[in-house]
Amino acid sequence: MKYLMDLHTHSIAGGHAYSTVKENMEMAYLHGMEVYGLSEHAPAMPGGPHEFFFGNLKVLPKECKGMRVLAGVEANIMDLEGTLDLPENRLKLLDYCIASQHISCVKPGSARENTDSLIKAMQNPYVCVIGHPDDSRYPLEYERLVEAARRYHVLLEVNNSSMNPLNARQNAEENIPAYIELCKKYQAPILLGTDAHYCDAVGMFDEADAILKQVDFPQELVINLEPERLWGYLKKHDVR
């Protein structure tokens, strides 16, 4: 399949990635993306930028060689109540928000508690994607999660980086098929993200694509295949 967008990317501003925003954008273009999104880690991530960084993303170009450029964030879920580490006055300046659980920011709870935390984050009107819900360190009740994603018009991510054997997240190869099978059942769309921390990985979805083929996932539920599908989702979460 020809994927046309990558909204989960990181730059040197995040403290543990290795390419500039310009390098990421140029590689996204070379890899055939029609939409590129920068989703830097929010401030609670060790090494992450100050919240002022997100207030100044307006300086980014809106396009690069005809490719749309979006300014986003990967916000950290800070507690089991789904609280994010970026305030509303910053979130409303952005094109989109991914919300994720990270070991450095929130201690895992039970499967019910972790799922409740993600569902509460989904109810934040700025959150349109749940990042990498595939880590066994955060056990989840996937049926409840998928039902809620469908209800709140939030996309569950299939994270290409999670399947890298060097990634600290655990058991993505088993967990991703489990929840995308439920996405098929409930007709809940998904978003592929590279979670690129080096520019060469931007727009490269080989592992994610293999899993979609493994479960015969329907193309009409993959947002990355058609920008118009993305605009519809972003419009639902545009509360500026």
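Ala, Val, Leu, Ile, Met, Phe, Trp, Tyr, Cys and Pro are counted here as nonpolar, Asp, Glu, Lys and Arg as charged, and the others, Gly among them, as polar. The model is predicted, so that local features need pLDDT of at least 70 and side-chain atom pairs count only at pLDDT 80 or more, while totals for chains, interfaces and linings use all residues. Residues are numbered from 1 along each chain as its sequence is written, and side-chain values use heavy atoms, with hydrogens and water left out.

A cavity is a set of points, on a 1 Å grid over the protein atoms alone, where a 1.4 Å probe fits but cannot get out; lining residues have an atom within 4 Å of a point. Grid points are joined across faces, edges and corners, and a volume is the space filled by probe spheres set on the points. Two cavities of 30 Å³ or more were found in the whole structure.

The largest cavity has a volume of about 60 Å³. Its lining comprises five nonpolar, three polar and two charged residues; among them are Gln101, Leu118, His132, Asp134 and Asp135. The second largest cavity holds about 40 Å³ of space. Six nonpolar, no polar and two charged residues form the lining of this second cavity, including Leu57, Pro61, Lys62 and Asp95.

Contact was taken as heavy atoms within 4.5 Å. Leaving aside neighbours within four places in sequence, isoleucine 180 is in contact with Val158, Ile190, Ile211, Leu212, Val215 and Phe217.

Terms used:
1 Å grid on protein atoms, 1.4 Å probe; cavity = no way out; pocket = protein on both sides within 12 Å on 5 of 7 lines; lining within 4 Å.
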